[in-house]
Amino acid sequence: MNIAVIGLSHKTAPVEVREKLSIPEPQAESAIASLRGYPHIEEVAILSTCNRLEIYIVTTETEPGIREVTQFLAEHSKLPLHHLRQHLFVLLHQDAVTHLMRVAAGLDSLVLGEGQILAQVKQTHKLGQQYQGIGSILNRLFKQALTTGKRVRTETSIGTGAVSISSAAVELAQIKVQNLAACRCAILGAGKMSRLLVQHLIAKGATKISIINRSLQRAEELASQFSDAPLQLYPLAHMMETIASADLVFTSTAATEPLLNRSKLEAVLASHQSLMLVDISVPRNVDADVNELENVRAFNVDDLKAVVAQNQESRRKMAQEAEALLEEEVEGFDVWWRSLETVPTISCLRDKMETIRAQELEKALSRLGSEFAERHQEVIEALTRGIVNKILHDPMVQLRAQQDIEARQKAMQALQMLFNLDSIGANQNT
């Protein structure tokens, strides 16, 4: 068994590639089922965000398992394998474990230390369990990663004043338009990213903000969190006329196809009307062809890198505080992983002890007579179980805790020889 992660991120692939590999939440069940259908994949979890798609697997054979995931990604994205491979990264076991810990802690994010990724890792864990992708190994790994993310945020200063993708988008807009207070702003979408957009726009002085969303109820829920701000709410049917009256538009929806393109904008914009679009969705909500319009400026998540880079140096120093915690959590998982090797030996030893206990108990009860046996069987049963458990406790604890591979293997061999466990295992397998 081995753990592997196969994926791509803002570090390895541009947004036009990432959007083709995005697996939105409604597609998670079928994607997990497809991956679990491959012969070498035992467990699977899919982490899909605007900046990354990562597939974590437990595989019986590493190379075939990786090939199966790569094949799935090529079919899902409809990209040729030779084109896809140049954007993928593959990490095995301890590197894969460390990577997930770093991701959960916000140390691998475009915006170093951003907090939203922890909730996304938590949702990946939840969906993996819900759709039978996650078994005991990935369950332990994701729980440890979530613990790591929480520890890094509470025990270090990496999360202090952490910027998000949304705040970087607003900062980019402020650089480009200079005076946000005078801008008529529109936000397409009413999810978490949109809530953060509203929060940061208000903080920068914006006062004319419209929310456009498919569900007006969702837009009203968002607006209720900003009772002091006069937000204007519009259904999706009024999208184009609302955008036509805006100077600055942010898009953040879960749509899998572009909602805005050149022809739609041409139909509503006046000939000399200027419009700035900031699209923080993956897949993109804004088609690249809008850049062909003379007075339209469009930006996507990859354009935020320059803004983010200005804040990275100070945040990098903060990230160093997290490295020691990260090492502790990786080591904690590794100790658990190594202990799995001892499970067959411990199981065989416990089975043999239980067989002996049951046989000897039966002999003793038969000698004591049926009347005494019926009255006191539960007490004697508990007594014998307690003795066996006490005898086995120290050897099991010591065996699991042994970190030196050679010493652990010698200890297991000694137990197998002293208690004749090989014959037990052989009998169980026949």
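## Basis of the description

Angles under 35 degrees count as roughly parallel, those over 145 as roughly antiparallel, those from 65 to 115 as roughly perpendicular, and the rest as oblique. The model is predicted, so that local features need pLDDT of at least 70 and side-chain atom pairs count only at pLDDT 80 or more, while totals for chains, interfaces and linings use all residues. Residues are numbered from 1 along each chain as its sequence is written, and side-chain values use heavy atoms, with hydrogens and water left out.

## Packing of α5 and α6

Helix α5 (residues 93–104) packs against helix α6 (residues 116–130) at an angle of about 125°, and their axes are 8 Å apart; the two helices are therefore oblique to each other. Helices (H or I, at least four residues) and strands (E, at least two) are DSSP runs numbered from the N terminus. Axes are lines fitted to C-alpha atoms, for helices over the stretch in contact, and angles run from 0 to 180 degrees between N-to-C directions.

From α5, Leu 100, Val 103 and Ala 104 meet Ile 117, Leu 118 and Val 121 of α6 (contact means heavy atoms within 4.5 Å).

## The antiparallel sheet

An open sheet of four strands has the order β2-β3-β1-β4, with antiparallel pairing (two strands pair if DSSP finds at least two bridges between them). Its edge strands, β2 (41–49) and β4 (89–92), each pair on one side only. Strand β1 (residues 2–9) and strand β3 (residues 52–59) run antiparallel and are joined by eight bridges; Val 5 stands opposite Tyr 56 in β3.

Helix α2 (residues 28–36) lies across β2 and β3 at about 150° to β2. Helix α6 also lies across β2 and β3, running at about 145° to β2.

## The parallel sheet

Six strands form an open sheet in the order β7-β6-β5-β8-β9-β10, and the pairing is parallel. At the edges are β7 (232–235) and β10 (296–300), each of which pairs on one side only. The twist from one strand to the next averages 20°. Four bridges link strand β6 (residues 208–213) to β7 in the parallel sense, and Asn 213 has Pro 235 in β7 as its bridge partner.

Helix α10 (residues 216–224) packs on this sheet, where α10 touches β6 and β7; the direction of α10 makes about 165° with that of β7.

## Helix α14

The end C-alpha atoms of helix α14 (residues 343–368) are 37 Å apart, which agrees with the 38 Å that its 26 residues should span at 1.5 Å a residue (the expected span is 1.5 Å times one less than the number of residues). Just after α14, Gly 369 takes a positive phi of about 90°.
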